[in-house]
Amino acid sequence: MPSSYARRHGLKPLGAGIGLRREFYAQLPETTRALDWVEIIPENFLTLGGRPQRALEACAERWTVLSHGVALNVGGPGPLDEDYLSRLKALVERVDAPFFSDHLCYTRLGGVYLYDLLPLPFSEEAVEHVVPRVREVMDRVERPFLLENPSYYARMPGGTLEEATFLRHVAEQADCGLLLDVNNVYVNSQNHGYEPRAFVDALPLERVVQIHLAGHERQPDVILDTHGAEVCDEVWELYRYVLERTGPVSTLIEWDQDIPSMDAVLDEADRARAVLAELEAR
Amino acid sequence: MKPGLRGFFDSMEEYFADPGQVDRLYAAHPGWEASRSRVAIYGRLVRHHVNATLEKLFPLTRGGVGEERWEELVRAYEALRPGTSFELNRMGEGFPGFLADEAERRGLPGYVPALARFEWTDFEVFSSMEPVPERVERLTVNPTLAVLEHPFRLCAYVRAKGKGEPAAGQEMALLWRHPETLVTMYMAASDRALLAVKMAMEGLTPEGVASATGVPEADIRAALEECVKDGLVLAPG
Ligand SMILES: [Fe+2]
């Protein structure tokens with residue numbers, strides 16, 4: 001069952017990918033291992049020449065490249081950054097990414113970037129604020145766009161909606177796709193005491209076009225979304241649960257800190273690919 | 001934007017300007033039940049991005065000022081709100097100028113602002129978007145070349161990874177990105193490097209330079225070859 005958002009936009013599941021991180025600039029383009037696609041953080045390529053560009057070009061020759069941003073600031077109070085948007089559009093076109101994504105959050109206040117994915121209050125006011133901004137982004141970049149469900153450590157003041165309702169309202173009213181970060185669902189469910197499967201069930205799953213899997217760090221009173229470890233068993237199980245409802249979805253292993261080796265990340269991608277294949281064979 | 005959401009952003013902006021003032025944030029939102037330790041994670045994360053970026057960009061400068069003063073400098077610089085670009089490394093651009101302004105008042109070692117400028121230039125050259133042609137028709141200066149002048153021997157100091165203090169003495173430092181390895185190269189400008197740059201800029205030939213200076217043409221060619229190998233100048237073929 002391909003998601004209806006994907007079908008409407010002619011987007012096919014791409015398999016299992018990993019991120020082109022700085023540590024892999026030399027290795028990744030040369031790898032002989034299985035890899036279906038590559039994700040980039042566009043901010044690392046928009047204004048930085050030299051090594052990142054060489055690596056990107058080499059990867060784009062071999063694989064589909066998807067752009068997953070962190071600085072769009074789609075939820076923020078100030079106007080969207082014109083310079084950023086025009087550079088992003090050019091990059092997405094240059095690598096011919098079938099779609100691009102960023103997070104449902106804000107990253108900039110008073111014109112200053114804070115370089116973090118900061119949570120919004122789950123409120124109708126925030127929905128009203130974000131929806132036209134998402135539309136503006138899609139109009140500017142002219143490719144299908146996915147919003148990711150971010151992790152958050154505290155519910156922001158002024159929230160009146162359930163998190164899943166908030167996501168649904170934004171995605172449906174803006175008519176964008178969803179990048180479902182399954183680790184974020186798990187981390188949030190643990191940090192805020194809810195049932196992750198019920199949360200998944202409440203999402204507009206027909207809009208899910210991409211999935212993120214990642215590791216986290218368990219502290220005594222909170223789980224931190226660090227992208228610094230292997231994907232845990234509970235997240236793998238939740239991943240299956242999602243795929244059983246969505247059908248095959250392009251899946252990325254996010255590993256950004258304490259990366260043991262590129263092979264370890266590719267091992268995780270192999271595991272995701274095996275799950276995708278197993279469910280497809282059913 | 002509705003006033004409730006506007007108020008939320010305003011209170012968060014105030015909080016991030018001084019994450020110690022978490023009480024003020026809670027006062028702005030009566031009845032907000034989120035745990036303070038959870039909210040404080042955001043204050044720490046935002047601060048961490050500034051710290052980590054400046055530490056990465058200016059490791060020798062940090063060593064030169066010492067840990068305690070480094071922390072103070074980073075805090076004071078952060079208060080100037082340097083995150084004006086979506087690319088977080090850009091926040092380092094104003095740091096050398098900030099150190100120059102603060103040097104006297106804070107009693108920083110005299111070489112520190114120049115060293116910070118060197119480290120920033122290293123990053124700028126490394127990540128330069130200047131297109132470097134794969135082929136050239138004539139001898140060409142590497143378009144990423146940056147020239148710095150300062151009254152310290154910083155090239156030797158940086159090569160030794162910042163032991164002690166740099167020696168005093170006027171230096172013209174050349175920094176450029178090697179066209180193949182893509183790493184930053186740097187050297188105190190030597191006669192042969194300056195000659196190679198001059199030949200490229202003015203379109204001089206080894207024959208012409210030899211006859212004008214009396215230096216054997218073979219020596220000039222050898223000097224030029226070395227600069228081409230280092231990527232300081234780009235040669236045809
Ligand atoms: Fe993610």
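Author: A salt bridge is a side-chain nitrogen of Lys or Arg within 4 Å of a carboxyl oxygen of Asp or Glu. The model is predicted, so that local features need pLDDT of at least 70 and side-chain atom pairs pLDDT 80 or more, while totals for chains, interfaces and linings use all residues. Residues are numbered from 1 along each chain as written, chains are lettered from A and ligands numbered from 1 in written order, and side-chain values use heavy atoms, without hydrogens or water.

Reader: Which residue forms a salt bridge with A:Arg87?

Author: Helix 3 of chain A covers residues 82-94, a helix being a DSSP run of H or I with at least four residues, numbered from the N terminus. The closest N and O atoms are 3.0 Å apart, and the partner is A:Asp83.

Reader: How many salt bridges are counted between chain A and chain B?

Author: Over all chains, the count comes to 36 salt bridges. Between the two chains, B:Lys2 pairs with A:Glu128, with the closest N and O atoms 2.9 Å apart. For chain A with chain B, the count is 1.

Reader: What area is buried between chain A and chain B?

Author: The contact (heavy atoms within 4.5 Å) takes 50 residues from chain A and 42 residues from chain B. Buried area is the accessible area, found with a 1.4 Å probe, that two parts lose on being put together, summed over both. Carbon and sulfur atoms give 65% of the area buried here, which is about 3,800 Å².

Reader: At roughly what angle do helix 5 and helix 6 of chain B cross?

Author: The contact includes B:Trp70 and B:Leu73 of helix 5 and B:Phe98 and B:Leu99 of helix 6 of chain B. Helix 5 (residues 67-78) and helix 6 (residues 95-106) of chain B have axes that come within 11 Å, the axes being lines fitted to C-alpha atoms over the stretch in contact, with angles from 0 to 180 degrees between N-to-C directions. The crossing angle makes helix 5 of chain B oblique to helix 6 of chain B, and that angle is roughly 120°.

Reader: How are helix 6 and helix 7 of chain B oriented to each other?

Author: In their contact, B:Ala100 and B:Ala103 are among the residues of helix 6, and B:Ala116 and B:Trp120 among those of helix 7 of chain B. The axes of helix 6 and helix 7 (residues 112-126) of chain B come within 8 Å and cross at roughly 180°. Angles under 35 degrees count as roughly parallel, over 145 as roughly antiparallel, 65 to 115 as roughly perpendicular and the rest as oblique. Helix 6 and helix 7 of chain B are therefore roughly antiparallel.

Notes:
Helices (H or I, at least four residues) and strands (E, at least two) are DSSP runs, numbered from the N terminus.
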